[in-house]
Amino acid sequence: MDARITQCLPCLALFLLLAGCFAEDVTYASAFYSKGPLKLSKFSSFSSARLHHFRVPEDTVLVRWLLTVTRGSGLNCGTQNVTVHFRAGAPPVIDPVGTAFPNQTAVTLAWNLTLSVGARQQQNQTLVNVSSPACGDWFVAAHLPEDDGKIQQKGLPSCFYLFQPQMLIRRAVDTPTLLPNIPLSQTLSSAHTPSILKFFVPEFSTQLAVTIVTCAVEGVARPTCGLGLLIGSASSGRDSRLTYNCSGEGPCTASVSAPPWGTWVQVAVETSLANVTMTFNISANSTVACKPKSAPADFNSNFTVSVSNGTTAPNVSTETSAVARGDSSAGSCILTPAVSREDTDVLSLRFTVADGNLTVPSDPPTLVTFDLNSAATSGGTLNVQISLNRSSVIGGFTSVRACLTPSVPVMALNNSQSCATAFVQGYSLSVDSSVTETALRIPFPEASMWYLTLQTLCNNSECSNVSAVVGVSVNVSACIDDCGAYGDCRLLRTHSYLYASCACKAGWRGWGCTDGSKALSFSLQLRSVLFLTLSNLLFLPPIILALYRGYLPEAAVYLYNMFFSTFYHACDQPGVTVLCILDYDTLQFCDFLGSCTSVWVTVICMAKLQDLFKYVLFMSGALLIAMAMSLDRHGLWNFLGPLLFALITMVSAWVYRGVGRRQCYPPLWRRWVFYLLPGIALALIGVCVYVFAETDGNYLYTHSLWHVLIATSILFLLPPRDTHTQPWGWTHSLCGYKICKNQKEDLYTVS
């Protein structure tokens, strides 16, 4: 069978399975979306998770995820677990290792599942169903268990795993639409899926009511139909819809407080009766209890923004919020100050309230709107800060309470009102005379309109003239506090979607690199930098020996290696003991180039070639090594390739010389026993330590030992000086050393 047909069999099976799940009287369309497989990594931070971005269309009634984990070729691969996280609207917030989140950070961990691939299992395919999924962006993240700290050298055979998500959707192309207060007749058969309808909730709606008006089973009016209402969509792997039981006689009404604004809400009707067909009438309507006053015609022309230098700039490029069109005149049921949005950088923007500080009365509430309704902002962190001007308090003031919610605001706040809407739990904040400032950080905020409701609470004595002035600061940044002193904020990309994550160092962990439970102490950081830098001083004896024996190019390479290895490791430290004399990438390139070239020139020198061939190999080898390091400096074969070629060249030269002399080369047994064999043993031990023994925990010891072993092996392997070469490489004192040709040697004899 053709391989392409074999690969499509799971997809065809899914289509056939779903085709039988729906009634013939409803038109459905199917679509299949696939992402390319990505290699999974051990988890250390969110940047090590593989993120996939999907888009679920409107009117989708079912999503089926086909999750495929494939084990690549490897030796001794045991059972491996792969964790997969799901979330709608923004990337999932995950914490598989149980780290502490930064203070004043609100998180809701995403729903996840675990897939296992056995030792003898090549592939694991798992289906995940989500009924009535929320339309829009969906994200799937996958990773292996926590990183064990083993440093895996690139190029060695190892166990690796590929993860590929595929999404099959079933979409209704003719979903019945409920119009306000207009009953709609529908037929429901218990043999098929529920009847799916939708209703558009306009802006400023405070209540949504869905009513089953009448119901008939096989022509009998008002029976016990056993109907149930499911309102809303699922935003995770679990069904999060609101459920209402309408099994009694007479009209049945489901009331939803604070439904999401400006969106379609899905309504599903199902029955618990078997083998029946029924007809029912259903209607829906929304209630707008409060609507702000219209903004004046010259609203935008009078709008100014205060910029960072303290001046007022009327022409600053801003974007006025969609809901910020009310005023603060008497008689308003809600105050909606104007808000500007200014994009400052990638995953970075800020919102500014037109009047700077807000005067928050006890009645009506104040509603501030922030437009985050784009995927370009959901990959960062939403920061909200509220500060109270204590001197501005008027009347029987108790506190200023705030509620932050996506999609729909909480229209009124009091001591008994919870900060929650129909489908979303909000985030509460408050300031009072003792706590005058509060902040909240939300990683990966949902791509939606966000609303901040503020209201002054009083002490129940006199609340008519109670108010307070608060400052509101809202912005989106790439990372929380730029990951602090022990982390780097990294911008990541999956296809065209950008998001940010912290990469922690010095043992610090967590979403903002604030969990110091496993942090390295200062003494350990100091010990690390001393071990890794001072161990390079062991290259001084090979440098001196090379100079003494007249190997000046080799001595220059060893000096280059020692210098850049020392300062690279001084710059590569994870904590505060860091010294960088050049850019980190430059130091790393020079360190890798120097290490590989040192091995190259040592082995070529051992071949004892003529100077012309030796220096040609020196230069060509250094240039090729530099090219290889610029392509992939972490590749193991970029080091082993030049080493093997140099060894082949050396062995060929030794065999050629031995055949010509009819004796083994080098001829002296003392050279083999006391120099060559110990040097080769030290070099092999050093390579084994470098390739197989290094971990994050023992790196300062094993890599320092690598420096010592390689430098010491050069002392044994460097060949003795030529018989005609004087010690230190010259025949006279330094001042009398002949550097250039004299004039007579440059003259040509003309015959």
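1. Basis of the comments. The structure is a predicted model, in which local features need pLDDT of at least 70, side-chain atom pairs count only at pLDDT 80 or more, and totals for chains, interfaces and linings use all residues. Residues are numbered from 1 along each chain as its sequence is written, and side-chain values use heavy atoms, with hydrogens and water left out.

2. L62. This residue sits in strand 5, which covers residues 60–71; strands (E, at least two residues) and helices (H or I, at least four) are DSSP runs numbered from the N terminus. L62 counts as buried because its relative accessibility is 11%, where buried means under 20% relative accessible area, exposed over 50% and partly exposed in between, with a 1.4 Å probe and protein chains only. Although L62 and P133 are 71 residues apart in sequence, their C-alpha atoms are 6.6 Å apart in space.

3. T99. The loop between strand 6 (80–88) and strand 7 (111–117) holds T99, which is also a buried residue, because its relative accessibility is 12%. Its side chain makes a polar contact with the side chain of D95 at 2.8 Å; such a contact is a pair of N or O atoms within 3.5 Å, and within protein one atom must be able to donate a hydrogen and the other to accept it, while residues adjacent in sequence count only if both atoms are side-chain atoms. Leaving aside residues up to four places away in sequence, T99 touches R509, G510 and D515, contact meaning heavy atoms within 4.5 Å.

4. K505. This residue lies in the loop between strand 34 (497–504) and helix 2 (522–534), and it is partly exposed because its relative accessible area is 25%.

5. Nonpolar cores. A nonpolar core is a set of buried Ala, Val, Leu, Ile, Met, Phe, Trp, Tyr and Cys residues joined through side-chain atoms within 4.5 Å. The largest has 47 residues, of which Y558, W600, F639 and L718 touch the most other members. Helix 5 gives the largest share of this core, 12 residues. Beyond residues up to four places away in sequence, the contacts of L718 include L545, Y558 and C605. Another core, apart from this one, has 33 residues, among them L349, L372, V400 and L429.
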